[in-house]
Amino acid sequence: MNAVRIFFIGGYLAYRALFNWIHWSMYVPTMLGGPIFQILFFAYIGRFAGLQSDEFFVIGNAVAISSLGGIFGMAMTIGGERWTQTLSSILVTPANRLALFLGRALPNLVNGVIVSTVGFIFGWLLLDFSLTAAEIPVIALIVVVTSFSCTAFGTMIGAFGLRGRDIFFFANLMIFVFLLFCGVNIPIDTLPDWMQAVSKVLPLTHGIDAARQVADGASLGDVSGLVWTELGIGLFYAVLAYALLRLFEVEGRRRASLETI
Amino acid sequence: MRHAFRLFWTGWIFNLKNLTLSGFFMLNAAILPIFYATIAYYMFRAGTRSGSLLYVSLGAGMMGIWSSVLFGSGGLIQWQRWQGTLEYVIGAPTRLIFVLLPMTIATASIGLYSLATTLAWGWLIFGLPLDLVHPVWFVIALPAAIFALGLLGLVLASTFVLLRNANSLSNLLEYPVWLVTGLLVALSLLPGWTRPISYVLAPTWGIRGMREAALGGDPAIPVAICLGLGLVYLVIGHFTLGYFEVRARRSATLALR
């Protein structure tokens with residue numbers, strides 16, 4: 001029961017505290033405005049290069065921007081606890097670590113879904129893109145799964161925030177790695193073999209592929225393999241993130257470096 | 001006059017070194033443009049339009065320059081405020097514009113790393129031929145673009161500081177300016193109402209001058225417009241900076257965050 005309370009209430013309070021600077025005047029331009037222009041930018045390059053339809057870019061980018069909340073959010077959550085000197089106070093408690101960290105990840109996952117939804121809506125409003133009513137719930141499910149896998153990956157990056165300093169540098173870099181490797185704007189089969197191999201172990205790739213197939217008429221059953229793979233990748237990174245968090249927690253205690261900024 | 005030049009030179013060099021030591025700026029200036037260039041290159045290669053690799057590399061380099069200006073100059077006064085140096089900058093007997101101008105030009109100059117890395121990356125990895133049609137014009141067009149973007153940075157520095165959430169505006173303005181100034185997309189593809197916006201933004205003319213110098217064409221007109229726009233930005237920056245200074249002194253909010 002206590003773990004459930006830590007998961008929901010603790011996660012909610014931590015999000016409110018760490019992201020208290022997020023006012024709508026900051027959230028809208030940064031988390032919604034920027035990503036909408038990202039969709040437009042790549043859709044227009046696609047048109048200019050004669051590469052793919054608007055649908056390809058709207059789906060690729062709208063699913064990809066769900067990673068912004070997960071990657072930056074988790075890096076800022078764990079880095080933020082360190083920055084505000086609250087990390088030691090949290091880690092000195094006997095609280096269940098899984099509930100503690102997963103609770104902090106949940107708001108970022110939800111944020112990723114919101115950002116992605118807004119991306120889809122503006123893609124529909126501004127570009128040559130539409131979905132049928134039957135496709136929307138399936139794509140919504142795929143976005144939730146993809147946002148989960150990105151948040152798990154972001155938690156892994158955040159875990160390094162217990163040890164390293166410039167975690168935001170790395171988080172920023174990963175957003176561009178995703179843009180390049182995960183088939184967001186480039187068809188995967190046109191990438192070199194080694195890049196295709198890397199793309200298969202990153203979050204996003206299978207989610208984007210599944211969403212594109214659904215928009216082309218496939219059913220959830222047709223893309224279930226891709227969705228399960230995306231979920232599996234997310235779980236793998238979640239386990240890895242948890243292991244790293246525990247490892248760096250123990251290391252941080254031993255080296256007395258938890259609050260070293 | 002000599003004093004002003006000495007001040008500019010010292011300020012420019014100092015800020016160039018200062019920014020070079022910042023991991024955030026180096027990521028924006030040197031590493032991210034490589035990603036832009038690679039993504040754009042693969043997109044053009046997979047598409048039906050046979051885009052020139054040099055066209056893409058120059059566009060990606062200019063994207064990096066704009067990002068440097070946007071984040072470097074847009075937050076310049078705010079950063080001085082956070083670091084507690086704004087009072088000294090304003091309190092110095094030298095006019096504020098002479099102190100800030102080298103800083104904004106330095107943020108644009110850092111963008112040279114973007115251009116250098118995208119060209120070097122293209123040459124090393126993708127076999128980009130570095131044959132410039134008008135090399136002399138390229139040498140003129142590049143500093144003209146840096147100069148004009150640095151002056152645009154002065155306008156950003158002096159207007160963003162009046163806004164409460166200038167950082168969010170910086171986050172918002174990166175992609176739209178890349179798009180509307182035609183760095184990787186032909187302007188003719190964009191809706192007609194965007195054209196006036198494109199024309200008053202220096203990156204439009206900066207990239208056009210550099211592309212016409214590199215790929216062939218007449219770079220003189222875009223370079224001249226780029227420089228002309230720079231002077232307009234200087235005048236606007238002069239007035240907006242003056243407004244900020246008077247307002248901050250009058251309301252005693254210079255050091256308030």
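User: Which residues does L149(B) touch, not counting residues up to four places away in sequence?

Analyst: In this predicted model, residues up to four places away in sequence are set aside. The residues that L149(B) then touches are I65(B), W66(B), V69(B), A108(B), A202(B), P203(B) and G206(B).

User: Which element supplies the largest share of the side of chain B that touches chain A?

Analyst: The contact takes 30 residues from chain A and 32 residues from chain B. On the chain B side, α2 (23-46) and α8 (166-180) each supply at least two residues. The largest share, 13 residues, comes from α2(B).

User: How many residues of the side of chain B that touches chain A are nonpolar?

Analyst: The residues of this side divide into three classes, of which 3 are charged and 8 are polar. The nonpolar residues number 21.

User: Why is helix α10 (residues 205-215) of chain A described as largely enclosed by the rest of the structure?

Analyst: The buried residues of α10(A), among them H206(A), I208(A) and V214(A), pack against α3 (54-64), α7 (135-160), α9 (193-199) and α11 (224-255) of chain A. Helix α10 of chain A is largely enclosed because the number of its 11 residues that are buried is 9.

Definitions and conventions
Residues are numbered from 1 along each chain as its sequence is written. Chains are lettered from A and ligands numbered from 1 in the order in which they are written. This is a predicted model: local features need pLDDT of at least 70, side-chain atom pairs count only at pLDDT 80 or more; totals for chains, interfaces and linings use all residues. Two residues are in contact if their C-beta atoms, placed from the backbone, lie within 7 Å. Helices (H or I, at least four residues) and strands (E, at least two) are DSSP runs, numbered from the N terminus. Ala, Val, Leu, Ile, Met, Phe, Trp, Tyr, Cys and Pro count as nonpolar, Asp, Glu, Lys and Arg as charged, and the others, Gly among them, as polar. A residue is buried if 20 or more other C-beta atoms lie within 10 Å of its own, exposed if 12 or fewer, and partly exposed in between; C-beta atoms are placed from the backbone.
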